[in-house]
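This report describes selected features of one protein model. The sequence and structure are shown first.

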Amino acid sequence: MTALVLVIVAALAALAFAAFNFTTVKKMDEGTDKMSEIAAAIRVGANAFIVYEYKIIAIVVAILAVLFIFMSWQSAICFVIGVLMSAAAGWVGMKIATYANVRVSNKARETKNIGETLKVAFRGGSVMGLCVGGFALLGLFLVYLIFGMGLNLMSIEAIKNGGIFTQCLSCYALGCSIVAMFNRVGGGIYTKAADMGADLVGKTEAHIPEDDPRNPATIADNVGDNVGDVAGLGSDLLESYVGAISSGIILASHLFLVSAVTNGNFSEALLQKMFYYPLIFAACGLIACIIGIASVLFKKGSNNPHKDLNFATIVSAALTIICGFVATYMLFNDASLADALVAAGFKLGYLSPWIAASIGVVSGVVIGMIAEYYTSYDYKPTKLIAEASKEGAALTITQGMAVGMKSCMAPLILLGVATYASYAVSGMFGISMAAIGMLSFVSTTVSVDTYGPISDNAGGIAEMSELDPEVREITDKLDSVGNTTAAIGKGFAIGSAAFAALSLMVSYLYSFNDPTTPLELNFTNPLILAGAMVGAALPFLFSGMLIEAVAKAARKMVEEVRRQFKEIPGILEGKAKPDYKTCIEISSQGALKEMRVPAVLSIVFPLVAGFLCGPWFVGGVLIGATLSAIMLAIFTGNAGGAWDNAKKYIESGAIEGQKKGSPAHDAAVVGDTVGDPLKDTVGPSLDILIKIMSTVSLVAVALFRDYNLLDWVMGLLK
């Protein structure tokens, strides 16, 4: 019970700090009437989209909840709790982003101080970050309190008689996954359709600046930043966070059952501690994030935004490791558990799970550094793309693809080393703890990442409001850092998704059969090999659908912008006001229409595969899809980020003789436009694909084992 007290205190503290930051930002002045008008238009567009999207989610959730009742009513309720927690985090984060953007512009207008302006953007971003950790742990607390303790589903007898509690955790994670899929896919299609439409006509044809008020797609573009890069990102990482914690608890249950059946020394006392340890470590991480975020908000601002944001991340990560050590010492440093720790695979005694989690923490920071190297224009890879732009769009795209492909190797080596090291230290439980460690300071990571789209919106409002050029210079500097933090966030998201999916996959193997015979993915088994090949192709099919969806919606946007430039007299001279509303409607309708098939595919595919070909085939699908998606997500995320920053490098005047409107800049804009759907739609959505497939498979694995067409046909043939 003491552990649950720590969890709820951490969750409520995070949500209280988020509420404080929300009200603090909202009390700030919005600035001029023109600024307020533009901000209100962005806010209305974002609200309209997310309300309609949540209505679609509600229908899907209602259908799935009814189906889960046939499994158990407890699972259905936990599924709905997961949906509510994820939806709440996305909603609050999106709302604050639409309030913070104009206040960032106004702070820059009033103070002309980049340090003070950064604090407003970061305070707004922190609301999303703190809500991710707070709502995730609040939901887990409710599941533990109501089902684990209230209905006594965590008792040894209940675990031995079917493990309904682990099923509840899986369904809670699946609820989070459903919201994340719709937010990421729908938001990603929305934002890139608007962005591409605005760029292709505004920049390359009309040669007007980015976010120019004469461009009809500008409001839709700014709306997209909020629904895709804020609500989508928060739901994505909340899902990874919950999935990793749940997989650790599920694995503890299975390891205990294996030991119990094989007469091992894994004691009931150790099982109870391992049930709580992932939650405790996550709570320690959330408290560390509160301190890390506060350390930036309440200290004197500097003129180096990148340094301040990195400071928050390092403080949060370091405090997580320190607090985690204290919690581990207090929980596992018990001489009576010595034999049980050995039976659980703890090779280095009671500190084993802490070491595995610390490996995850360090890996998360290093993956972010690798992403920064390949996407920031402070480093060689992005500078090479900018130089290539002098020779035209073809070489811009070619060089960007080369950077994206080369960037895959280092993160995969790091993930491989971290996976093996965590297993060597703490067995299968160590892999899940590495995932939890990487995600334990997720609130700070999301805060830093959400700061980016808020700053981007602030720049758009400054441009459309025709503020002093010095204001736009400040917001552009913040936005440039935001592009790098976004790339770091995407690298962190796919790295954590890989760990979370791997943890869920291990849980899937143990859930397949009785504890003494977990499913083994032996690739000499042709059924598993066939599944791996199909699974490896699935992320490409999924990505193709998303790119095509963005292209369809962007094409309509391009046609509408061209129509308005042609049919509304005086629009390019600034004498007539564009029709922003129609562009918002085009993006909204396109996103909501096109997201349905990819979103449903991620849920239905593992179910169809399992009922047709059985659990071995699904196991192969999961491993093939995970490996393929990790590399594809890193490639698309880093290539897209590098193209974007190569364009900004040219705009900064760093290349002699090249500036906005030059041939090199036009080529860089083409590269950036190609990269937009890759970095902001495909890459982030692949994170969701592998996690939701793993979660769905984990929930349904027992059904795959007992009911599949292949076994029935083979039985007839015998």
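## Basis of the description

The model is predicted; local features require pLDDT of at least 70 and side-chain atom pairs count only at pLDDT 80 or more, whereas totals for chains, interfaces and linings use all residues. Residues are numbered from 1 along each chain as its sequence is written, and side-chain values rest on heavy atoms, with hydrogens and water left out.

## Salt bridges

A salt bridge is taken as a side-chain nitrogen of Lys or Arg within 4 Å of a carboxyl oxygen of Asp or Glu. The count by this rule is 14. One of the salt bridges pairs glutamate 30 with arginine 103, whose closest N and O atoms are 3.3 Å apart. Glutamate 30 belongs to the loop between α1 (2-27) and α2 (33-71) and arginine 103 to helix α3 (residues 73-111), so the pair ties together parts that are 73 residues apart in sequence. Here helices are DSSP runs of H or I with at least four residues, numbered from the N terminus. Glutamate 30 and arginine 103 are both buried, where buried means under 20% relative accessible area, exposed over 50%, and partly exposed in between (1.4 Å probe, protein chains only).

Aspartate 644 and lysine 647 form another salt bridge, with 3.7 Å between the closest N and O atoms. These two residues are three apart in helix α20 (residues 615-651), which means that about one helical turn separates aspartate 644 from lysine 647. Both aspartate 644 and lysine 647 are buried. Through shared partners, salt bridges join Asp644, Lys647, Lys648, Asp672, Asp676, Lys679 and Asp680 into one network.

## Helix α17

Helix α17 comprises 42 residues; at 1.5 Å a residue it should span 62 Å, and its end C-alpha atoms, 61 Å apart, agree with this. The expected span is 1.5 Å times one less than the number of residues.

Arginine 563 and glutamate 567 join their side chains in a salt bridge of 3.0 Å, N to O. The two are four residues apart in α17 (residues 526-567), and about one helical turn therefore separates arginine 563 from glutamate 567. An α-helix has 3.6 residues a turn, so residues three or four places apart point the same way. Arginine 563 counts as partly exposed because its relative accessibility is 31%.

Arginine 472 is located in helix α16 (residues 469-511) and is buried at 13% relative accessible area. Its side chain makes a polar contact of 3.1 Å with the side chain of glutamate 463. A polar contact is a pair of N or O atoms within 3.5 Å; within protein, one must be able to donate a hydrogen and the other to accept it, and residues adjacent in sequence count only if both atoms are side-chain atoms.

Isoleucine 474 also lies in α16 and is buried, with 7% relative accessibility. The C-alpha atoms of isoleucine 474 and alanine 418 are 39 Å apart, and the two residues are separated by 56 residues along the chain.

Glutamate 466 is in the loop between α15 (442-464) and α16. Its phi is near 55 degrees, a positive value in a residue other than glycine, and glutamate 466 is exposed, with a relative accessible area of 67%.

## Lysine 112

Lysine 112 occupies the loop between α3 and α4 (114-150). Phi of lysine 112 is near 55 degrees, a positive value in a residue other than glycine. At 33% relative accessible area, lysine 112 is partly exposed.

## Cysteines

The structure holds zero disulfides, a disulfide being a pair of cysteine sulfur atoms within 2.5 Å. For cysteine 171, the nearest cysteine sulfur is that of cysteine 168, 6.9 Å away. Cysteine 171 is buried at 0% relative accessibility, and cysteine 408 is buried at 12% relative accessible area.

## A nonpolar surface patch

Val600, Val604, Val608, Leu612, Leu709, Trp712, Val713, Met714, Leu716 and Leu717 make a nonpolar surface patch of about 920 Å². Patch residues have over 30% relative accessible area and no salt bridge; like charges are joined within 9 Å, and nonpolar side chains (Val, Leu, Ile, Met, Phe, Trp, Tyr) within 5 Å. Accessible areas come from the Shrake-Rupley method with a 1.4 Å probe, and for residues only the protein chains shown count as cover.

Helices α19 (596-613) and α22 (709-717) each supply at least two residues of the patch. The most comes from α22, with six residues. Leucine 717 is placed in α22 and counts as exposed at 67% relative accessibility.
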